[in-house]
There are 2 protein chains.
Amino acid sequence: MERIKENSTNNHNRKFLTTCDMTYAIQLIGGRWKLLILTHLSKGKLRFGELNKKIPHITERMLTLQLKEMAEDNLITRKVYAEVPPKVEYELTVLGTELIPVCLQLSDWGTKHRAATSIG
Amino acid sequence: MERIKENSTNNHNRKFLTTCDMTYAIQLIGGRWKLLILTHLSKGKLRFGELNKKIPHITERMLTLQLKEMAEDNLITRKVYAEVPPKVEYELTVLGTELIPVCLQLSDWGTKHRAATSIG
DNA sequence: CAGTATCCGTTCTGATACTG
DNA sequence: CAGTATCAGAACGGATACTG
């Protein structure tokens, strides 16, 4: 039974359940890295290499993939400078910026939760 | 990779990167369903079957797994009544309740984003 | 510098059938 | 009612080598 498969809109083929706004949002910020990337960009535009340094364990491949998806989803912009060596800057869009409060709340909650459960 | 911890509270072996609180939080609420479950429980305790009805596309298997993890992570409580037929109620803990603002913000953002990108 | 391409193992998720 | 058990496919994520 393959009921919720559709959405393959030519430019990217990720699937979205359209049941509710939160599920939709979760699709966009899911995975281990996107909220982290967003948080780092909240302080201003950054280059690929700068992000790579600020996010300790991410691989170049994952960073590339996540940035690409986020740009497609209009969370960030990607600006390429016609220089040698290449220079690419990433910056939050308005929509991306509006997600920052969520990032901060979640981070705060993480701090509290870790304290409360004495795991960290 | 440095510092990957086994959460050694005996009964589950999920790993947590301790890089930052947000990464930690993402581990706990990751996946497609947990924030959704949390949102539904924010209105009060619910039985397994009630949750199953309120969350349209989830399978019993996924609901079971997610509830189990959330209980282990102290986001919800699981109360079993010694009755026939069985009755189990799930309820938010204090920590789980503190996550509700995040759920609401994310949901609001989802609404706005879907409108802005005209996908929904 | 900022990526791509390829390979491959792990984790996640769904379908289906069964149970105390 | 509230789960378990099992299987299989999809998605995720890492390692490595290569490029405009």
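Visitor: Which residue is the bridge partner of Val80(A) in strand 3 of chain A?
Guide: This is a predicted model. Strand 2 of chain A, residues 76-81, pairs with strand 3, residues 87-92, in the antiparallel sense over 6 bridges. A hairpin of 5 residues connects strand 2 to strand 3 in chain A. In strand 3, the bridge partner of Val80(A) is Val88(A).

Visitor: Which residue does a cis peptide bond join to Val84(A)?
Guide: The residue sits in the loop between strand 2 and strand 3 of chain A. Omega of the bond is about 0°. The partner of Val84(A) in this cis bond is Pro85(A).

Visitor: In chain B, where is Pro85(B)?
Guide: The peptide bond from Val84(B) to Pro85(B) is cis, with omega near 0°. The place of Pro85(B) is the loop between strand 4 (76-81) and strand 5 (87-92) of chain B.

Visitor: What is the relative accessible area of Asn74(A)?
Guide: Asn74(A) is in the loop between helix 4 and strand 2 of chain A. Its phi is positive, about 65°, although Asn74(A) is not a glycine. Asn74(A) counts as partly exposed because its relative accessible area is 34%.

Visitor: And what is the relative accessible area of Asn74(B)?
Guide: Asn74(B) lies in the loop between helix 4 and strand 4 of chain B, and has a positive phi of about 65°. Asn74(B) is partly exposed, with a relative accessible area of 33%.

Visitor: Which residue has a side-chain N or O atom 2.7 Å from a base nitrogen of DNA strand C?
Guide: Of the 22 residues around DNA strand C, those that come nearest include Arg47(A), Glu60(A) and Arg61(B). For the side chain of Arg61(B), the distance from an N or O atom to a base nitrogen is 3.1 Å. The distance of 2.7 Å belongs to Glu60(A).

Visitor: Which residue has a polar backbone atom 3.0 Å from a phosphate oxygen of DNA strand C?
Guide: Helix 3 (48-54) of chain A is one of the elements that supply at least two residues of the surface near DNA strand C. That surface divides into 9 nonpolar, 4 polar and 9 charged residues. The backbone atom belongs to Gly49(A).

Visitor: How much of chain A is buried?
Guide: Chain A comes to 6 helices and 3 strands. Chain A exposes about 6800 Å², of which carbon and sulfur atoms supply 52%. Of the 120 residues in chain A, the buried share is 41%.

Note on methods
Residues numbered from 1 in each chain as written. Chains lettered and ligands numbered in written order. Predicted model: local features only at pLDDT ≥ 70, side-chain atom pairs only at ≥ 80, totals over all residues. Heavy atoms only, no water. Pairing = 2+ DSSP bridges. Helix = DSSP H or I, 4+ residues; strand = E, 2+ residues; numbered from the N terminus. Buried < 20%, exposed > 50% of the residue type's maximum accessible area, 1.4 Å probe, protein only. Areas by Shrake-Rupley, 256 points an atom, 1.4 Å probe, with all protein chains shown as cover. Near = heavy atom within 4 Å. Polar contact = N/O pair within 3.5 Å; in protein donor to acceptor, adjacent residues only side chain to side chain. Nonpolar A, V, L, I, M, F, W, Y, C, P; charged D, E, K, R; others polar.
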